[in-house]
Amino acid sequence: MADAKTPAFNLNCPVPRVADDRIVLAHGGGGRLTHQLIEKIFIPAFSNSMLDQRHDGAVLEVNGSRLAFTTDSFVVRPLIFPGGDIGDLAVNGTVNDLAMCGARPLYLSAGFILEEGLEMDTLRTVVNSMQKAAAKAGVHLVTGDTKVVDKGKGDGIFVNTSGIGVIEANVKATIGPASVQPGDVVIISGDLGRHGIAILSVREGLEFESPILSDTASVWPSVEALLNAGIEIHCLRDLTRGGLATTLNEIAADRNVCIKLEETLISVDETVQSACEILGLDPLYVANEGRFAVFVPAAQADAALEVMKKVPVSQSSVRIGKVEETPGRTVVLQSRIGGNRVVDMLSGEQLPRIC
Amino acid sequence: MKFLSEYRDQKAAEQLAAAIRRKTTRPWTIMEICGGQTHTIVKSGLEDLLPREITLVHGPGCPVCVTPIELIDKAVAIAQRPEVIFCSFGDMLRVPGSSKSLFDVKAEGADVRIVYSPLDALKLARTNPSRQVVFFAVGFETTAPANAMAAWQADHDGIENFSLLVSHVLVPPAMEALLSSDNCVVQGFLAAGHVCTVMGFEEYFPIAAKYEVPIVVTGFEPLDILDGILMTVAQLEEGRHEVENQYARAVRREGNRPAQKTIAEVFEITPREWRGLGEIPASGFQLRGRFQKYDANRRFPFTGTPAHESPECISGLILQGIKKPHDCPAFAVKCTPENPLGAPMVSSEGACAAYYHYGRRQNTSVQPELSSPASR
């Protein structure tokens, strides 16, 4: 450097940008912006006692029986990916939302938005997968709708499914975030990140020695086993968009509790971990389509684990942490090397890093 | 992927931390250069293991954070042109320019795409001959070989609808700028391992000698960083100021010669404006000679107004290690990842974002009672 005292450090930074005049992709990322959208746009318009519970589905009292009702839209590129396709996903996603209410999934609707030019074979493949997934989950597809949009106005196929399930009379507990309390143990039903990385690896042309398959599956058999075994379930949540970190942050914020995790207990497949390292992603935030978290009282944790491990979809269930009173609204992770960090909710989608 | 579990082993981490504690007799301030290292430190809660005498300050090695606002504005303006496919690494998209980010213009209809390699952008140029494909060539010496290769390949294959918006920056001049500043607080450096993978570490010897400062080339896993800190502390305690290589499994003294050759063929050294730091002489790369035809700056003349800057962001002080993110009154209050006042709050490698996401919102450890080996 020519002059030892250069440069002059003039401190500068940009003025803030206004981010809320248009929808950006991050509004659909499941993170903080999605929540802002819900808080600022949807809740003020639609607020009612059932919606305000913010669960995966609504629980409705009808003539003395309790029904669960939920809806979900599926937009995924590529339509067919390792381990499944948009059809499996659309059925299992809604089945799982019902299961998370403790409800036996019964009936589904399917709404298709098809793009002009879509190959009929692709549609056939997707519809066959839906049929197979529905049969496997024991649900019936009882009503539907189809619309076609101009080429370029859709991404091949968009699917919406809505579902109805029944909460059996012998299930007395209220399953939902409101029942989570300090002392609860957190169990997850298997390893993390398979679905998100399966999709990304196809999208980004990453190839691995052993291909990563999506974990898309109905988790109802596992929930049913827990209910049949009489486990006192406080809360069930599937770990879809935004992954484990987002789900736990929602619950911690909702109940004003602290959820403490141990990194060494959380299992991530080696290939998934490698992909995450390459892409600069954190598997805690990567989407799953066949994994869920269970909150149970500490005294029931061993029994719950034993039941879950006997069901194929949750055979690698593991206890990953516990609920404590303070500090509220926080998820804390003890890292592998023994340090601690807060696991925050993301603003939007995870972005691959430069280097 | 064994190397990951090995370099994240708790027992080994505790042993290194104990060795650091034994060695430390006085307060020392050490700067890790690279944003990737900052990320590891905060993500693994590594500071919980250090004695309170050791202060880590976070250096200017986040390419997203130091890319000047004028260049973001330029990128945004180019991306808005209807003939352009604008390609970038993911974390540049959220960085605010003076009025918009690349994400904003994407939402307005601009064709902005995330790529993982400049060669993917070149591929897009090949398959879209009627469009202009522009790649945002940002980064330190680490990403320079791939970017140089893209320009070289475009030239070799005669691809004309491709260009680079170059904002390459270099580590050693930034270290010199920090060290020669009157208010420099840094007593030892963890040099950026991956930069040295490309460039080697010979250029650090004169810096260590001139400023009498230990420089330890350090990797990115938690154990690498603890080891790098131990080596730096040992030098400081013993009054040495040498260049040492902790990251020997990836870095050779001379670096990667073929990569350096490609860089030298395509780029030449130029003064660069660093966001938050100002202009530093001879601190960047620009396209040279016959490769200047791939310079997006020349292809798309920019006639924007000078960027407006907010006085509230103290990123300049943070990038110099004089202040920590939670020392900033705007931190986590007016400045959040959703509404960043400055770039260090945007990138996952930025010190402010790392502090925000991983819970360093006050000047204390988050949950001391959960941390068995913690010493602070």
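Predicted model: local features only at pLDDT ≥ 70, side-chain atom pairs only at ≥ 80, totals over all residues.
Helices here are DSSP runs of H or I at least four residues long, and strands are runs of E of at least two, both numbered from the N terminus.

If you picture a box drawn along the principal axes, the C-alpha atoms of chain B fill roughly 65 × 45 × 45 Å. Of the 376 residues in this chain, 57% count as buried. The contacts tell you about the fold too: among those in chain B between residues at least 6 apart in sequence, 77% join residues at least 24 apart.

How far does the predictor trust all this? The mean pLDDT of chain B is 89, and 93% of its residues reach 70 or more. For the model, the scores are ipTM 0.72 and pTM 0.82.

G316(B) lies in helix α15, which covers residues 315-319 of chain B. Is G316(B) buried or exposed? It has 21 C-beta neighbours inside 10 Å, and because 20 or more are needed, G316(B) counts as buried. Now find G342(B): it is 26 residues from G316(B) in sequence, and in space the two are 9.9 Å apart, C-alpha to C-alpha.

Now move to chain A and its five-stranded sheet. This open sheet has the strand order β1-β2-β7-β5-β6 (chain A), with mixed pairing. At its edges stand β1 (58-62) and β6 (140-149) of chain A; each has a single partner strand, so one side of each is left without a neighbour in the sheet. On average, neighbouring strands of this sheet are turned by 20° against each other, direction ignored. Within the sheet, strand β2 (residues 65-74) and strand β7 (residues 157-167) of chain A run antiparallel and are joined by nine bridges.

Helix α3 (residues 120-137) of chain A lies across β5, β6 and β7 of chain A, and runs at about 175° to β5(A).

Further along chain A there is an open sheet of seven strands, in the order β9-β11-β8-β12-β10-β13-β14 (chain A), again with mixed pairing. Its edge strands are β9 (235-238) and β14 (340-342) of chain A, each pairing on one side only. From one strand to the next, the twist averages 25°.

You can trace part of this sheet pair by pair. Strand β8 (residues 184-188) and strand β12 (residues 318-324) of chain A run antiparallel, with four bridges between them, and I188(A) has V318(A) as its bridge partner in β12(A). Strand β10 (residues 258-262) of chain A also pairs with β12(A) in the antiparallel sense, over four bridges; here I259(A) is partnered by V323(A). Strand β13 (residues 330-334) of chain A runs parallel to β10(A), joined to it by five bridges, and E262(A) meets Q334(A) in β13(A) as its bridge partner.

Which helix lies across these strands? Helix α6 (residues 243-255) of chain A lies across β8, β9, β10, β11 (292-297) and β13 of chain A, running at about 135° to β13(A). With 13 residues, α6(A) reaches 19 Å from its first C-alpha to its last, close to the 18 Å expected at 1.5 Å a residue. Ten of those 13 residues are buried, so α6(A) is largely enclosed by the rest of the structure. Among the buried residues are L244(A), L248(A), I251(A) and R255(A). The buried residues of α6(A) pack against β8, β9, β10, β11 and β13 of chain A. Just after the helix, N256(A) takes a positive phi of about 55°.

How values were computed
Residues numbered from 1 in each chain as written. Chains lettered and ligands numbered in written order. Buried ≥ 20, exposed ≤ 12 C-beta atoms within 10 Å, placed from the backbone. Contact = placed C-beta atoms within 7 Å. pLDDT = per-residue confidence, 0-100. Pairing = 2+ DSSP bridges. Axes fitted to C-alpha atoms, helices over the stretch in contact; angles between N-to-C directions. Expected span 1.5 Å × (residues − 1).
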